[in-house]
Amino acid sequence: MTTLSIPPCWSRAEIQNAAQVDVGALDFEDDASSALFDAVHQSVPLARLGKNKQQQPASERDVLNDLCQPITSNEPLIRFITGQTGTGKSHLVRWLRTQIPRNDKWHLVYIEKRNTSLRRIIEQILTDIDTPTANTLRISLVHAAAQVTTVEEAMLAVLNQLHQLVTFDEAPTIAGLSGPDLAESRTFVARLIGDFMFKQQLSRPSGPIERIVKLAMHGYDSEATVSPEDLRFRQSDLRVDAEAFEDAGQDFQVLIRSLASNEGRRTEAAAIIDYYVPRATAAAITGSGTDLLGVFEDVRGELARRGQQLFLFIEDLVLLHGIDGQLAHALTLPARRDLCPIRAVIAVTTGHLDTRYDTFAERGVHYTMDVPREQIDPGDLRMFVGRYLNAGRVGRHELAQARHLGSPRPNKCTGCRYRDRCHPMFGTTDEGHGLFPFNAVAVDRLVELASPDRFDPRNILREVVRAPLEVAEAELATPGMFPSARFAATLAPTRTRVPLVTRDTITRGSASGEAEISLRAFYAANPIASDPTLDSIAMVFGVELTDLGLETSAPEAAQPTPAAVTAPSTIDAWANGERLPSNDARKIRRWVIDALALRLLNHPHSLSVYRSRGSVRVGAVDITQGHVVVHNAGGGGNPPEELTIQFRQSDTDAVVLKGILSSDTGDLAGPNAGRWFFDLQARLDTWEREIVDRASQQPEDEIGNALAVLGVLSSADERTPTSPAEAIAIMVRPQRPENLHPEIVKFLGAVERQRTEALTVVRDHFTQRKSTGLPTIFDAGAVLEDLLPAARLSELPGNGAATNLMWRAVRDQQTVAATSAWAPVKGTLAAITQQIGPSEDFTETLQVMDRFVEQALRAGVLKDPEAHRRYEELRAAAAPGHLTKLRQLLKRRETTISPAMLWELPQDQTPMLKNILAFWRNCDSLLRSVRSFNPVDDGPTDTYDRARLHNAFRTLADRLEEQATR
């Protein structure tokens, strides 16, 4: 396209100088600065505050006339200019100083912001005053400056003075504290401030002591915003780390812990420190002997002798922090024969005159600059901006020359060769200053954003003049670049005036999307419709506007945008930086999961897909709503690290989310005729491929682990597989024998979840599915050789499968079950071995025992008539099968229990073993009952010796048989 570019017509250096944070900070004595001040000054509405804080309209001329009226009483004439930070208070004080008519009876003292230290302020007050007291004070100031040369020295000096004042001052009341409470708190604070380590804490960088000291030593930085609150000492300034005082004494650590843990304690301590900080600062910076009240009386006495009045101009009362209390007292003293009258105009931030200044504040008249922006005509606001633009084009030196010659203030546009093209496109102010690179709409819009409620000239200079002109200077040389996203980025980063869908449409279709969106957001009367003026401006900037399919309209006939008629949706607000409510975010996450599941169920990829509420499982991969990440949205929790789909706070993503929510309510077309749906499908396609790839590339050892678990858990099945088919059948559906050991039943129940997980892994790896997602064909070809070995496993190995957390639970549970199953068995076996030797021939012993009981019964030596019946009842426990099992178990008696030993007890053997134990104990009882028939010659007869008794009972049985034969 053909461009009609206009180059930057201002100097960055001159704009930076003219649009300082506070023009009142310009050097008052400099001709160029004074000319610049005159060039940019503009009257703004004021209000005079009545006794009940009621506002009465006023002008700066009203203030000037009020200040210069004759003094008819001995009361001081004090006028306060109040307002929030940045409202131009000091600017007005300077203007009043420049407009004061010449009067030899007025001794003017002007305390400006620029580079005014506490020492310099006092020196200005003493200007042209030659008295002994004044000279003594000058010497004291020089001496104090020589003693304190660095900020670090000054901070230490202030803290030392503070320690002295807190310890020895006798103020009866501080911040509501008095009597014993004040005395105790004063002692507490003095002990803290007297500690060297605590002084280091208070002297930390950017802390209140450093801020106060820097201002007192070096004065106001023209680029800084000095708030009265920054100079106050708050309880938050006393939050200290108790661990930093571990090397201190025990008593001091108790104090520190009390300070750190008790907010009420901190509040009281901070109030006491805040009360004394101004005095300590003044003493450290100006000398401990400085008596400003006495100095003022001396100055006023000298002026009274001259027949003059003291006329004081103070650009900011904050600058006097440290001597403001003494100044307030001095200014309230009525005039008398030896004290001259006082006129004073003082700029003070709203709220700074608290209860400490009640008397001072009540003596003066208050004018406020906290004026609603709506009270200022838009044309005046454009004129305000236009004057700074012109100052940046003309430059301070040319302005100073014209002022010196008495010539009219120059307008740089007058001789500009681009004027005939520039002014019709971009417009001018009522004073003829061109608005380029803005137009009237852009200035109005930017001022509205920079100063939304009250007139805020400081922020207008920052955000409407300085920052945009820096961007313009850097970008205008490249067609199609200006105004980029950097333009007014802090005021409207997301260009909310342009509807979301329109922004997305422009971004997709325009080669210079950022610039077009900015043009429509700031320069267009109607951001979604083109007009001839906007077309012309776009041509100058080299921006080709997108055809949005809307009728053109002239700026004056522009209709409200849809966004102005309809409240913005939550998605619009989200795209503009706000947090998306959890309810909408939840709907979006659910919708995306449903769309993903539908795609997975209808696309061929040989993986099983299972849809549940809020999630979808693909093979062995679970995708939940947490994988749908909506940035800066409620709910969702901590998102996973991978396999996520991300929706960021961009126009493109916002349009997609808006489409999702609209479709959720039945509007399938959505915000841009359904294009959002196809954009989302492309993203879902990419996401789906990532998920399928991950599910298909699952580590091989996972299927091996799953088969191992199934094989171990099928050990309860007594069948032995001889083929892979039998192996998989047994592992999938093992049969449980009757009377299965309770510990095995308990174990299988405890690991049912792990078994289900293992079955799921096997199914997901080796099933193909229909379009509905149901598994159909099991394909075990990949693990055919592993099926029989897995089915024959009796326990999981110590590594491999057991390293997986879930599979390891199987091994741990099996170990517990085996231990529980074998513990009573081993205990009973130990008792049995005390009755009969493990190596003894059980069958032969039983035969002899049977013969013995029969012969004893015949011989009549069984003393208990029931002995034979009991023996017959217990004899069944010693059946051949039981004895064989006993022999097998005895071999495992000393073996360390392993998980695999669980399967050696398919049934509980404890009852059978207890019956055998009871039988052998009964045999012992019978043998003891007939000991008299068993002469023992090789040991004491009164000692029961099981081994000898067992060796002899065969002989006894033989003798009984012989006796019965005779």
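Asp241 sits in the loop that runs between α10 (208-218) and α11 (250-261). Please bear in mind that we are looking at a predicted model. With a relative accessibility of 45%, Asp241 is classed as partly exposed. Together with Glu243, Glu246 and Asp247, Asp241 forms a negative surface patch.

I turn now to the salt bridges. Across the whole structure, the search returns 40 of them. One of these joins Arg12 to Glu473, with the closest N and O atoms 3.3 Å apart. This pair connects distant parts of the chain, since Arg12 belongs to helix α1 (residues 12-18) and Glu473 to helix α20 (residues 457-475), 461 residues apart. Arg12 is partly exposed at 38% relative accessible area, and Glu473 is partly exposed at 31%.

Glu75 and Arg363 form another salt bridge, at 3.2 Å between the closest N and O atoms. Glu75 is in the loop between α3 (60-68) and β3 (77-83), and Arg363 is in the loop between α15 (358-362) and β9 (364-368), so the bridge ties together parts 288 residues apart in sequence.

What separates Glu448 and Arg445 within helix α19? They are three residues apart in α19 (residues 440-450), which means about one helical turn.

A network of salt bridges links Arg599, Asp685, Glu688 and Arg689.

Finally, helix α17 (residues 396-405). Leu399, Ala400 and Ala402 are buried there. These residues lie on the same side of α17, because they cover an arc of only 165 degrees around the axis. His397, His404 and Leu405 are exposed on the other side of α17.

Technical notes. Residues are numbered from 1 along each chain as its sequence is written. This is a predicted model: local features need pLDDT of at least 70, side-chain atom pairs count only at pLDDT 80 or more; totals for chains, interfaces and linings use all residues. Side-chain values use heavy atoms; hydrogens and water are left out. Patches are made of residues with over 30% relative accessible area and no salt bridge: like charges are joined within 9 Å, nonpolar side chains (Val, Leu, Ile, Met, Phe, Trp, Tyr) within 5 Å. Accessible areas come from the Shrake-Rupley method with a 1.4 Å probe; for residues, only the protein chains shown count as cover. A salt bridge is a side-chain nitrogen of Lys or Arg within 4 Å of a carboxyl oxygen of Asp or Glu. Lys and Arg count as positive and Asp and Glu as negative; His and the chain ends are not counted. The place of a charge is taken as NZ of Lys, CZ of Arg, CG of Asp or CD of Glu. Helices (H or I, at least four residues) and strands (E, at least two) are DSSP runs, numbered from the N terminus. Buried means under 20% relative accessible area, exposed over 50%, partly exposed in between (1.4 Å probe, protein chains only). The arc is that of the directions from the helix axis to the C-beta atoms.
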